[in-house]
Amino acid sequence: HETQTTCWDHPKMTDLFQSLADLNNVRFSAYRTAIKIRRLQKALCLDLLDLNTTSEVFKQHKLSQNDQLIGVQDVISCLTTIYSGLEEKHKDMVNVPLCVDMCLNWLLNVYDSGRTGKIRVQSLKIGLMSLSKGLLEEKYRCLFKEVAGPTEMCDQRQLGLLLHDAIQIPRQLGEVAAFGGSNIEPSVRSCFQQNNNKPEITVKQFIDWMRLEPQSMVWLPVLHRVAAAETAKHQAKCNICKECPIVGFR
């Protein structure tokens, strides 16, 4: 108000993005990206959100038409349900109005950078599921189910939409180059080539392909490894600061 300037980002979001810049000195791109996403995930309290809960909230809000556009008010209503549920379980950690603002801000930065005020239902789901907590293969299963048709099979176009929405997460952090850029065609091709170029793939074939950690999606399994390593203790001493034991990522 003092400067009478307008900006798209919440002041706390601006602070968060400035703090992510400190991580640019992490050398390996997959780890650098995953560590940034992990910090973002915790700031948005999405590390407290169960995968199953996200699916239930989507049903509750009747978000079944994936190619429909959803306006900001509907996104806010969906996020309010999510964070109110989280607040009941984690009273001290979740500030509902702030979390809703921050998460909305992040979703719009990722999926509506031109600020039309609308994002695709599928983008909302893939964004929230990618950053929620759960077992990695369960997450792959949920993501696949979101894009698969009623036959629970997925064609090249549907897989392309899934990978396109997922790659926007590192893209928004300025990290897309390491994952093949925004062009997801080679990834789609490699998945279908692995399955003899059949017109559709099953969830099992998708998970088998994801286990190979394809370039465009490698940040997601690494995010899970980063989260798992946070509480690890290594009986080793740092050569520089002499910290012992080393806790977390070594």
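Q: Which residues of helix 6 are buried?
A: Buried means under 20% relative accessible area, exposed means over 50%, and partly exposed is in between (1.4 Å probe, protein chains only). Helices (H or I, at least four residues) and strands (E, at least two) are DSSP runs, numbered from the N terminus. In this predicted model, the buried residues of helix 6 are Val121, Gln122, Ser123, Leu124, Lys125, Ile126, Gly127, Leu128, Met129, Ser130 and Leu131. That is eleven of the eleven residues in the run 121–131, so helix 6 is largely enclosed by the rest of the structure.

Q: What conventions apply to the numbering and the values?
A: Residues are numbered from 1 along each chain as its sequence is written, and side-chain values use heavy atoms, with hydrogens and water left out. Because the model is predicted, local features need pLDDT of at least 70 and side-chain atom pairs count only at pLDDT 80 or more, while totals for chains, interfaces and linings use all residues.

Q: Where does UniProt place the feature "domain: EF-hand"?
A: UniProt positions are given in the numbering used here, with feature names shortened, and annotations may be inferred rather than shown by experiment. The unreviewed UniProt entry puts this feature at residues 14–132 and 136–227. Residues 14–132 are 66% helix and 5% strand, with end C-alpha atoms 22 Å apart. Residues 136–227 are 62% helix and 4% strand, and there the end C-alpha atoms are 11 Å apart.

Q: Is glutamate 175 buried or exposed?
A: Glutamate 175 has 5% relative accessibility and counts as buried. Its place is the loop between helix 8 (156–172) and helix 9. Beyond neighbours within four places in sequence, glutamate 175 is in contact with Asn24, Arg32, Thr33, Lys36 and Pro170.

Q: Which residues of the largest nonpolar core touch the most other members?
A: In soluble globular proteins, nonpolar side chains tend to be buried together. A nonpolar core is a set of buried Ala, Val, Leu, Ile, Met, Phe, Trp, Tyr and Cys residues joined through side-chain atoms within 4.5 Å. Here the largest such core has 75 residues, and Tyr83, Trp106, Leu107 and Phe206 touch the most other members. Helix 5 supplies the largest share of this core, eleven residues.

Q: At what angle do helix 7 and helix 10 pack?
A: Two packed helices are described by the angle between their axes and the distance between the axes. Axes are lines fitted to C-alpha atoms, for helices over the stretch in contact, and angles run from 0 to 180 degrees between N-to-C directions. Helix 7 (residues 136–147) and helix 10 pack at about 130°, with axes 10 Å apart. The pair is therefore oblique, given that angles under 35 degrees count as roughly parallel, over 145 as roughly antiparallel, 65 to 115 as roughly perpendicular and the rest as oblique. Glu137, Tyr140, Arg141 and Phe144 of helix 7 make the contact with Val203, Phe206, Ile207, Met210 and Arg211 of helix 10.

Q: How far is valine 203 from glutamate 152?
A: Their C-alpha atoms are separated by 7.4 Å, although the two residues are 51 residues apart along the chain. Valine 203 belongs to helix 10 (residues 203–211) and is partly exposed at 24% relative accessibility.

Q: Which backbone angle stands out at cysteine 45?
A: Cysteine 45 is not a glycine, yet its phi is positive, about 60°. Cysteine 45 is in the loop between helix 2 (29–43) and helix 3 (51–60), and at 8% relative accessibility it counts as buried. Asparagine 196 also has a positive phi, near 55°, but counts as exposed at 62% relative accessibility.

Q: Where is there a cis peptide bond?
A: A cis peptide bond joins cysteine 244 and proline 245, with omega about -5°. Proline 245 is in the loop between strand 5 (233–234) and strand 6 (246–247).

Notes: Contact = heavy atoms within 4.5 Å.
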